[in-house]
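Colleague: Before I look at single positions, could you take me through this protein and tell me what can be read from its coordinates?

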Amino acid sequence: MKIACIGGGPAGLYFGISMKLRDPSHEIVVVERNRPYDTFGWGVVFSDQTMENLRHNDAKTADAILAEFAHWDDIDIHFKGECVTSTGHGFAGIGRKRMLNILQDRAQELGIELVFEAEVDGLDAYKDYDLIVASDGINSKIRSANPEAYQPDIDVRPNKFIWLGTKKKYEAFTFIFEKTEHGWIWVHAYKFDADTSTFIVECTEETWRGLGLDKADTDQSIAICEEIFKDYLDGNPLMSNARHLRGSAWLNFPRINCGTYHHGNVVLMGDAAHTAHFSIGSGTKLALEDAIVLADLLHSEDSMEAAFKQYQEARRLEVLKLQSAARNSMEWFEELERYTHFEPPQFAYSLLTRSQRVSHENLRLRDEKWLTDVERWFAGKSTTDAMKDTAANDVPPPMFTPFRLRDMELQNRIVVSPMATYSATDGVPNDFHMVHLGARAQGGAGLLFTEMTCVSPEGRITPGCPGMYSDEQEAAWKRIVTFAHQWTGAKIAMQLGHSGPKGSTKIGWEGMDQPLDDGNWELLAPSPIPWSENNQTPREMTEADMDAVEAAFVAATERAARCGFDMVELHAAHGYLLSAFLTPLTNKRTDAYGGSLENRLRFPLRVFSAMRATWPEDKPMSVRISANDWVGDQGITPDDAVEIARAFKLAGADIIDVSAGQTSIKAKPVYGRMFQTPFSDRIRNEAGIATMAVGNIFEVDHVNSILAAGRADLCCLARPHLADPYWTLHAAAEQGYQGAPWPNQYLPGRDQYERNLARAADMAIQV
């Protein structure tokens with residue numbers, strides 16, 4: 001094949017090398033606009049896995065790169081006058097210029113033609129080439145010339161950064177955070193050869209402008225950064241090698257992902273096709289692995305077109321995984337000031353786990369002592385001085401630290417989420433509810449929720465939903481509460497709600513959100529908008545209706561207090577009545593209860609305030625909200641959710657139960673593990689109120705990571721508790737934690753469970 005690689009960065013050079021290794025007869029030219037020693041940036045970071053991939057593809061190049069590596073295990077985090085050090089991270093770096101020279105030498109050795117200082121503005125000169133590789137970087141001219149073909153999705157991020165170097169040798173991967181009068185500014189620094197380090201400075205645009213960096217040239221920018229970070233430079237100057245660039249050396253990172261990687265005989269590679277934020281250091285990894293995969297496929301598939309299709313399919317998943325981690329990392333830095341109220345141990349933990357690729361137990365494998373110190377700190381914050389002198393192996397995992405709301409103290413941070421069971425008769429809970437809730441109360445969770453309990457017959461979702469509007473219902477609930485308090489350490493909360501436009505439907509397993517075949521009752525809503533075209537149209541509520549609904553919530557709250565519930569939660573999520581007031585999707589009112597968010601909050605706040613006035617002062621109250629309608633700006637957004645949480649906090653809410661969606665059939669949620677936790681994180685750390693995280697949290701590692709990173713105060717698990725009522729006790733045993741109390745009647749079962757775990761671990765070691 002006759003091949004032209006337009007762009008002489010890692011992607012183009014390594015693709016040429018990979019093709020020549022597979023067939024020396026290929027005629028390959030690599031065309032680069034800059035001189036051989038021009039390169040933006042300083043160091044490149046590699047993982048062990050990337051090096052294995054390179055070694056398998058071309059051992060000679062891999063060995064040459066490996067011989068130049070600077071290695072380090074530690075991460076140093078300078079924050080609020082302290083340096084937090086965590087070890088065991090296993091990084092390796094090399095100078096970008098040196099790496100390119102290694103690739104250039106290898107390419108020439110294999111007979112690849114290298115052409116420098118050649119600007120390629122079009123592809124006419126390469127018409128007779130069989131294959132053209134567009135490896136011309138983030139600002140790819142080839143991609144930009146044909147956006148219809150490549151469908152680039154380019155998201156230019158808000159933070160400003162400048163890529164500098166210094167002769168100060170950082171022996172650890174170093175983060176430096178400094179607060180100025182104009183906001184926070186920070187550094188990502190690491191050594192990449194014997195005497196030079198990368199020094200990337202990043203900040204928000206507001207801070208950048210406040211510091212005058214928007215008006216500064218490169219030399220002035222360097223001088224400002226040297227002054228800010230002088231305590232960390234030991235007199236060494238900062239250096240730029242981006243003077244060949246036109247305009248400011250300060251950049252905004254563009255997140256790029258192309259819908260199509262190829263068109264005709266042209267294929268995109270590396271940053272031309274996709275980017276990953278520099279804070280996870282995977283851009284070069286993606287480029288090199290792109291080259292390997294495409295070279296393999298061009299020699300295994302029947303046609304170039306087939307190879308291109310397989311290339312895109314193979315790379316897309318890897319790119320999406322890395323871009324997801326990179327997005328998490330990038331957004332952590334973009335929202336840095338959300339976390340600057342943290343103490344250094346939690347700030348460092350949050351930083352290290354920001355991408356969600358590093359979990360709690362992964363940190364334990366890397367640096368057990370450091371993680372134990374973090375766990376000790378976390379336990380100390382939860383129990384004042386109780387853990388100060390505790391032996392290391394007695395420090396509880398974050399999930400087993402106590403938590404207090406008003407006078408309610410939970411024995412741990414695990415919550416059994418409200419889960420509809422559709423098993424009541426005329427709203428009365430029965431023996432099923434006693435066994436269902438009783439078993440989960442025995443299972444070790446700190447807090448147990450009833451399913452949404454309706455405040456009136458017409459406020460039920462289905463005929464099988466429980467209520468709290470009759471003496472018989474109250475007596476049945478009191479029996480359950482009494483059992484939980486008498487026989488378990490769990491606290492129990494009642495979730496109160498009104499179905500609104502989503503009522504009068506079949507029980508879940510007969511047809512979710514489907515109207516009853518007969519016996520439907522009238523529905524109420526803020527506006528006469530049906531849930532779907534199959535559901536009945538609700539009646540728009542009058543003031544009299546609002547008075548009646550408010551009174552029903554108050555009466556149910558009074559009954560919950562008489563039952564002895566430890567907490568009451570107002571359900572204002574998932575499209576039910578109060579949620580329908582909050583979201584503009586279903587609230588089209590033109591009176592004082594519609595329009596602005598302030599107006600849409602009016603009735604839910606009115607109901608909550610009336611409940612709070614009724615509920616005992618020493619007992620907490622929570623509110624469940626949908627923090628994102630998943631319909632963009634047409635519905636509730638995460639920004640709105642922070643304001644909603646603030647409003648309920650001012651009204652006396654103690655904690656927000658942060659859910660999302662289920663407010664519209666038009667919603668397009670983005671699922672994944674812990675997918676709703678970012679909303680909890682934002683509300684907790686921006687609105688300044690405790691939160692419960694919920695949504696695809698199912699592993700011990702998820703829970704401990706969320707809590708230790710300060711993303712929530714409690715973690716709600718639903719489906720895991722349906723599968724295993726004793727999930728919490730099993731989690732304690734799996735972590736070797738002895739402090740979770742099993743029912744005395746079940747202690748022999750605990751002992752056998754722990755023996756079985758130990759036996760399985762021994763067998764795994766022997767294998």
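Colleague: How many helices and strands does the secondary structure of the protein come to?
Modeller: This is a predicted model, and local features are read from it where pLDDT is at least 70. Within it, the secondary structure comes to 25 helices and 30 strands.

Colleague: What is the radius of gyration of the protein, and why does it count as compact for a globular protein of that length?
Modeller: The C-alpha atoms fill a box of roughly 90 × 60 × 55 Å along the principal axes. For 767 residues the globule rule gives 27 Å, and the value for the protein is close to that, so it is as compact as a globular protein of that length. The radius of gyration is 30 Å.

Colleague: What share of the residues of the protein counts as buried?
Modeller: A residue is called buried when its relative accessible area is under 20%. The accessible surface of the protein comes to about 30,900 Å², and 49% of this belongs to carbon and sulfur atoms. Of the 767 residues, the share that counts as buried is 60%.

Colleague: Among contacts between residues at least 6 apart in sequence, what percentage join residues at least 24 apart?
Modeller: Contact here means heavy atoms within 4.5 Å. Counting the contacts in the protein between residues at least 6 apart in sequence, those that join residues at least 24 apart make up 71%.

Colleague: How far apart are the centres of the positive and negative side chains?
Modeller: The protein has 76 positive and 107 negative side chains.

Colleague: How many residues of α1 are buried, and which are they?
Modeller: Helix α1 covers residues 10-22, and its 13 residues should span 18 Å at 1.5 Å a residue, which agrees with the 18 Å between its end C-alpha atoms. Eleven of the 13 residues are buried, so α1 is largely enclosed by the rest of the structure. The buried residues are P10, A11, G12, L13, Y14, F15, G16, I17, S18, M19 and K20.

Colleague: How many residues of α9 are buried?
Modeller: Helix α9, residues 283-298, reaches 23 Å from its first C-alpha to its last, close to the 22 Å expected at 1.5 Å a residue. The helix is mostly covered, and of its 16 residues the number buried is 13.

Colleague: Is M674 buried or exposed?
Modeller: M674 is found in the loop between β28 and α21, and its phi is near 55°, a positive value in a residue other than glycine. Its relative accessible area is 5%, and the limit for this class is under 20%, so M674 is buried.

Colleague: What is the phi of Q662, and where does this residue lie?
Modeller: Q662 counts as partly exposed, at 46% relative accessibility. Although Q662 is not a glycine, its phi is positive, at about 65°. The residue lies in the loop between β28 (655-659) and α21 (677-687).

Colleague: How far apart in space are P669 and R404?
Modeller: P669 lies in the loop between β28 and α21, and at 26% relative accessibility it counts as partly exposed. P669 and R404 are 265 residues apart in sequence, and C-alpha to C-alpha the distance in space is 33 Å.

Colleague: What distance separates the C-alpha atoms of G210 and E181?
Modeller: G210 is found in helix α7, residues 205-210, and counts as partly exposed at 30% relative accessibility. G210 and E181 are 29 residues apart along the chain, and their C-alpha atoms are separated by 8.4 Å.

Conventions: Residues are numbered from 1 along each chain as its sequence is written. This is a predicted model: local features need pLDDT of at least 70, side-chain atom pairs count only at pLDDT 80 or more; totals for chains, interfaces and linings use all residues. Side-chain values use heavy atoms; hydrogens and water are left out. Helices (H or I, at least four residues) and strands (E, at least two) are DSSP runs, numbered from the N terminus. The radius of gyration is taken over C-alpha atoms; the globule rule is 2.2 Å times the number of residues to the power 0.38. Buried means under 20% relative accessible area, exposed over 50%, partly exposed in between (1.4 Å probe, protein chains only). Accessible areas come from the Shrake-Rupley method with a 1.4 Å probe; for residues, only the protein chains shown count as cover. Lys and Arg count as positive and Asp and Glu as negative; His and the chain ends are not counted. The place of a charge is taken as NZ of Lys, CZ of Arg, CG of Asp or CD of Glu. The expected span of a helix is 1.5 Å times one less than its number of residues.
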